[in-house]
Amino acid sequence: MESSNEEEVASDEDDAHQATVKAEEIGFTPPSKLSRTPKGEDPDGSNNILAGRLCGGLMHQDLVKSERETGPKRSNGMMDEGQARFWGPAPSVSPSSLMDTCGLSMSSLSSFSSNHLHPSLSPSSSPSSSSVFSLTPPLPPSVELPAVLTDTRLTLDVYQGGAAALPLIWRSVPDQLIGIKYLRLGSEDETGLDGALEVLPHLTELRSLAIRGHRFYDSQGDPLPGLLTCLPSSVSCLSRLTHLDLSFNQLSCLPPCVLSLPVLSSSLLCHNRLSALPPDFGRLSSLTYLSLMGNELVWLPPSLCHLKALQTLDVSHNLLQELPDEIGYLEQLVKLELSHNKLEQLPESMASLLSLRELVVYSNNLHLIPHCLDSLPLLKIDARDNPLGQPPAPPPLPPTSEKAETKIPELHLGFNQHSFCVSSAGCHVFLPGGAELLFPPGCLLTTTRLEWAEKRPERKWVWLEEHDILLSRSLELRPHGTAFLKPVDVCVPYHRAKRREVVVRRFDGQSWSTLPTTLRRGSEGHSSHPSGHPARLACCAVNQFSWFMVVSRPVKDSCCLTPAGALLVSSSDPGIKLHFPPHSTAQTCNITLQVLHVSVSEVQTLCGDNQTSVSPLLCLSQTPTTDFLQRIKVQIPLPSGITGHTVDMSCLHLLHGDPAAQTWTDITSQVSLYVTHLYAIFYITHFSWYWLWYTTKTCVSGVVRKVYHKLKRFKVQFLVLQRKTDRSQVMLQCLPSNKVDDRVKSLLEKYDGPLPSDLCDLLEGEQFFAGFERGLDISTERPDCVGGRLCFVFYSSLKNLKEVYICPAQGHQGPVRGQVSFYRGEIPDNLPEEVAIKRKGHNNQWLATLPLKLPALNSENTFVMGDLQLPPLNLGDPESGYLTESNLLSISLQIGQDWRVIGINLGLSYQELDRIQYKHRDNLGALVLEMLFHWARGQRNAGPGTVTRLVTAMIDSDRRDLADEIEDIVNIGRRKYSESLRRVGLEGESSSPAGTPQ
């Protein structure tokens, strides 16, 4: 985002646009969200506490007038003159220390109030006194009055719902408020905002007013919208107001009272819903700065061009198609921002803008820059992303009837269809699970057979960068290296990622690369979710087939740095900015900025300090990696809940992280670090990781290192459940702890077992094993079975799930009370069973152990169930061949939507099929199994030929693939039976039946 449109809205708090307080005018929203919630006070003791708080606040106001200093305490560096103007005088004693020295009771407050408090605050007037003291709610209990109110400034937009405090403070101390000049309010609370607007007309000394949305975030990580839709007409009496910021609200038209502010010089109306400006907008004759970015303007009134004093005009990100010819009347205009509109030409009258120094018109539809602008030699023009020099595109021809009927054919594949053909006409292929492949017409010359496969990710070749999270399985498309004449869209389904960037990565056989990615929902008729919602798809255009997977990462912003300098603003948090002065580098280099948002509550839990707070983690890098020639200024929001008025600089620490060594170093004393009202600013000469902490702990570097490593781990729990209808079928799953409860509820209908394990820690991509112990055994012929234990790789957004069939270990008789133990990393050697659950210590690999009960086998070699169960699906006989329950379960997973046709061909009635469909209308797998169970009941006394009837039904249902698989299984069974007869010498007697074909 080099020189982006957000540069104006999110400019530094310490850079003055004009003599007024520019930091208050254009400060952007910090992403922090207060984690503290108001708690109830003891009714008997609340008056003393709140009286002391108010006393401290008023004493602070008196001391401000007598003890003036240059600004907040800071380390290594002095504030310049502009910053001193911004901060103004500040007390030399912190508010907290004032509260300690005050320590008043209600009796001592009564004498103090006669000299200092407003008459309504005296103890004798209890009704008003109660309203005075109730600043909590809406403000957090720890907020003292000096934290929000100084001589000339009231700041209520750093606390959610803080606007509701303005009427309370006004009723309590109107004499303190009547003289304030700078006021900031959040607009996310409609009720509190309405009350605050009623107070505004009384604040006649106001110079700067900000009522903004997007100050806080909800639980999903989305910014809370501003709810301001209008201003009361009485605001027009604010005759001294010079700065007005109403950004990120829902204004559909400009409030008329704004036009009656005679000395208004700076107005920010960004990101509203303005579709037009009033015809008499030119009445704001004192306006020097106007930002209308991010609205819905389609034209500008000619009267706007009569603002003779206007120096900066920002109308980017609108719908403008043309500019008025009167634009040339803006004689003092220095910067004109027109990017991201629909402009097709610029008026010739712009040659009269003799003061113009910067014209930003990128991302429009300009085919020509007027030659008249050549007469402005000091003008810099940014015209990127315009079709300059290209002839205007002719209007599209109406589609012919033949083209209108042309439609790319669609192909829906089943789970067992792993190959398909694509012709030169193209094809839209829908894969099971939600993936889509779009082959445009002409991408292939001849009909070509292609293949697909979805694979579980393996650590050996899945590449994840630091802070990456895997969101999908690997989709393999073959033949590898197949070249297409036109790009093919590959869309991979993925799980949702909050406040992170989602990208597709491709593996070419040697390394992974990140592809340009677009996100969309899948086709309505191709849903992969039980609820019917289309899948989320990450799409990329490729010219060759390979392996593809989807990952999420912290949002990455980059720019190309030249010796001329640059500004890089984070798209995930516009309050984070990097300023590169001219001559920072001698050669062009690429700059990358990533912002990792960290949960403050989680950090507090991990370090055991409820007062600790942190900023977002900055990950900075450059190519090539050389030190900068000039110091780079970095701006970052202060940790959550901390402002420039309340910060104790001795508790503020800047940490430098080494990503290679995974170490953290406190560099606070080595850099120039100072704070403004909302931001911390420091200077560096090389890039790495930087993290701002506010804590009272000592040995901060060690604490941060431990907390960072713990933040990378996921708290997980293990599940071991047995299917109720078949105790030998066991499901093993590892889930992040926040997903366990919902998962267990969804499984209780079909599975039962012990409660989930205790909490364990796993890293993204970490390997672990499940070992079956104490008389239990599984098939070791599985490819994922290593050393007798089942191998898993944990990915937080994937289903770390496997279903296996277990049996008693050889020699065991009767019921088995076994266990499943989970081990980290390498398989422990020589681990006795009796100590498996007890093994603990720093070097142990054991994670958790859960019990597993297996009933005894009866004479029919089936498990004895305590409750009535459905009959086993063992079909056929040993001589002519049979299918075990395990075989049929594998077959049932491949039947899918063909279950009804197969049921009809097996002889089931329509009434029975309708009953089964209604019973399991939300679960296709259970529906297929119920159909097979119901058919199996009728085969007990049907005589020989059961397997033959099943094979015939599959063939009649056009499922020859399943018929072949069944015949292969039966042939293997007959061969094993013949070999057993040969070993005991009975082959001659039974050769005829065994060899009889079915």
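Modeller: Helices (H or I, at least four residues) and strands (E, at least two) are DSSP runs, numbered from the N terminus. This is a predicted model: local features need pLDDT of at least 70, side-chain atom pairs count only at pLDDT 80 or more, while totals for chains, interfaces and linings use all residues. Residues are numbered from 1 along each chain as its sequence is written, and side-chain values use heavy atoms, with hydrogens and water left out.

Biologist: Which residue in β26 is the bridge partner of Leu 567?
Modeller: His 579. β25 and β26 (residues 577-580) run antiparallel, joined by 4 bridges.

Biologist: In what order do the 5 strands of the open sheet come?
Modeller: β25-β26-β30-β34-β33, with antiparallel pairing. β25 (566-569) and β33 (673-675) each have a single partner strand, so one side of each lacks a neighbour in the sheet.

Biologist: Switching topic. How many residues does the largest nonpolar core have?
Modeller: 79. A nonpolar core is a set of buried Ala, Val, Leu, Ile, Met, Phe, Trp, Tyr and Cys residues joined through side-chain atoms within 4.5 Å. Buried means under 20% relative accessible area, exposed over 50%, partly exposed in between (1.4 Å probe, protein chains only). Leu 154 and Phe 281 are among the residues with the most contacts inside this core.

Biologist: What does Leu 154 contact, leaving aside neighbours within four places in sequence?
Modeller: Its contacts (heavy atoms within 4.5 Å) include Leu 166, Ile 169, Tyr 182 and Arg 184.

Biologist: And what share of the 998 residues is buried?
Modeller: 51%.

Methods: Two strands pair if DSSP finds at least two bridges between them.
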